[in-house]
Structure formats: structure tokens, C-alpha cells
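Here's a quick briefing to read with the structure open beside you. Have a look at it first, then work through the points below.

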Amino acid sequence: MKILKISALILAGIISANILSAQSVADMQQDLALLKREVGRLRLEVEQLSRQNQELSQQLRKAQASTSSNDMVRAQVSSVRADVSSQNQALKREIVALVKKDIENLATQTNTAIQKLAKAIGNRPQVEMPKTFSNDYPQTGIEYTVQSGDTLGKIARKNNSKIKWIQDANKIADPNRGLRVGEQIFIPQK
């Protein structure tokens, strides 16, 4: 019986070891299932991060392309501005040259017209219209000696007279040329 007891004990140990083993296997299976789930979740996160990384890489490439394209646009705009500026300068010079030429032509035409007019006036006989003088002025007055800078208007104001009276009394046809310095004239006064 001893063998039986020993066998029973061995069998009980084996069964107990099997039970423990089965329990350990079950625990290990649970741990393995948890690990599988955790690995699956981590794979999803890695895939999601990978997609986000790809999207960010694409956005970065687009931004870089946009920046280089913006630089190209800026360079083109700058080039166009320079071209327009040089064309404007050339156009301004051309317009100034044309205006200068037109002004010179007008000046030549004007000079020609003035010369023709002067020639025509010079060839026309000068007919002076006889100036008629009135005797309708005061017969009393003073004698006056014409000074430098005198005009009929100044003399009339100084001596309480009228230009027309002085012209009529002294038979002065042209009030601008009729006075000579040192000349004696009669100034009618009331």
C-alpha cells in the first residue's frame, strides 16, 4: 500500500501540477489575449500616426512648392515692374521728343506768320487819320514844362485838369508819344 499511497501522492501532485499548469496556461492565455489586444491597439495608433505623418509630409511639400512658386511669382512681378518702368521711361522720352518737335514746328510757323504779317504791314501805306481837336476846353490855365517820367494822366492830376483838355489845347494826337522832356505845354484849368 505504500506504493499505492506514493502513487496516489504522485498522481495527486501531477493532477495538482496539471491543475496549476492549466490555471497558469489559462492565465497565460488571458495575458496573451491582453497582449494581442494591446499590440492591435498599438498597431492602429502606429498606422494612424503613419497616416498623419504622410499628410504632414504632403502639406510640407505643398508649402515648400507654394513658397518656391510665390518666390517665382515675386520674381516675375519684379521683372514685369522693371520692364514696365523702363517702357514708361522710354515712352516719356519719346513723348517729350514729340512735344519738343511740335513746339519747334509751331514756333517756326509762328515766326513765319509774324514775318509775313510784318512784311504786309510794312508794304501797306501808312495813312494817318487826321486827328480833329476840339476847342471845348477852358481857355484859362498855366504853362508847364514837361519833366522826365511825365504822362498826360500825371500832369492832369497834378494840375487839376483833364487829359482830353491837354490833348486838345496842345494838339497832341498820341498821348503816349506826344510829350517830349523840356517841351512847354498849356494846361487848361477851370
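The protein chain has 3 helices and 2 strands, where helices (H or I, at least four residues) and strands (E, at least two) are DSSP runs numbered from the N terminus. Along the sequence, the pattern goes α-β-α-α-β. Keep in mind that this is a predicted model: local features need pLDDT of at least 70, side-chain atom pairs count only at pLDDT 80 or more, and totals for chains, interfaces and linings use all residues. Residues are numbered from 1 along each chain as its sequence is written, and side-chain values use heavy atoms, with hydrogens and water left out.

**Whole chain**
- Of the 190 residues in the protein chain, 12% count as buried; buried means under 20% relative accessible area, exposed over 50%, and partly exposed in between (1.4 Å probe, protein chains only).
- Take the contacts (heavy atoms within 4.5 Å) in the protein chain with a separation of 6 or more: residues 24 or more positions apart account for 66% of them.

**Helix H1**
- H1 spans residues 2-123 and includes Ile103, which counts as exposed because its relative accessibility is 53%.
- Ile103 also belongs to a nonpolar surface patch with Leu91, Ile95 and Val99, with about 350 Å² of accessible area together.
- Such patches take residues with over 30% relative accessible area and no salt bridge, joining like charges within 9 Å and nonpolar side chains (Val, Leu, Ile, Met, Phe, Trp, Tyr) within 5 Å.
- A salt bridge here is a side-chain nitrogen of Lys or Arg within 4 Å of a carboxyl oxygen of Asp or Glu, and accessible areas come from Shrake-Rupley with a 1.4 Å probe, with only the protein chains shown counting as cover for residues.

- S1 (residues 141-145) and S2 run antiparallel, joined by 5 bridges; two strands pair if DSSP finds at least two bridges between them.
- S2 is largely enclosed by the rest of the structure, because 4 of its 5 residues are buried.
- H3 (residues 163-170) has Trp165, Ile166, Gln167, Asp168 and Ala169 buried, and its buried residues pack against H2 (152-158) and S2 (184-188).

**Asp150**
- Asp150 sits in the loop between S1 and H2 and counts as buried because its relative accessibility is 15%.
- Its side chain makes a 2.7 Å polar contact with the side chain of Tyr144, and the side chain of Asp150 also reaches the backbone nitrogen of Gln147 at 2.8 Å.
- A polar contact is a pair of N or O atoms within 3.5 Å; within protein, one must be able to donate a hydrogen and the other to accept it, and residues adjacent in sequence count only if both atoms are side-chain atoms.
- Leaving out residues up to four places away in sequence, Asp150 touches Tyr144, Thr145, Ile155, Lys158 and Leu179.
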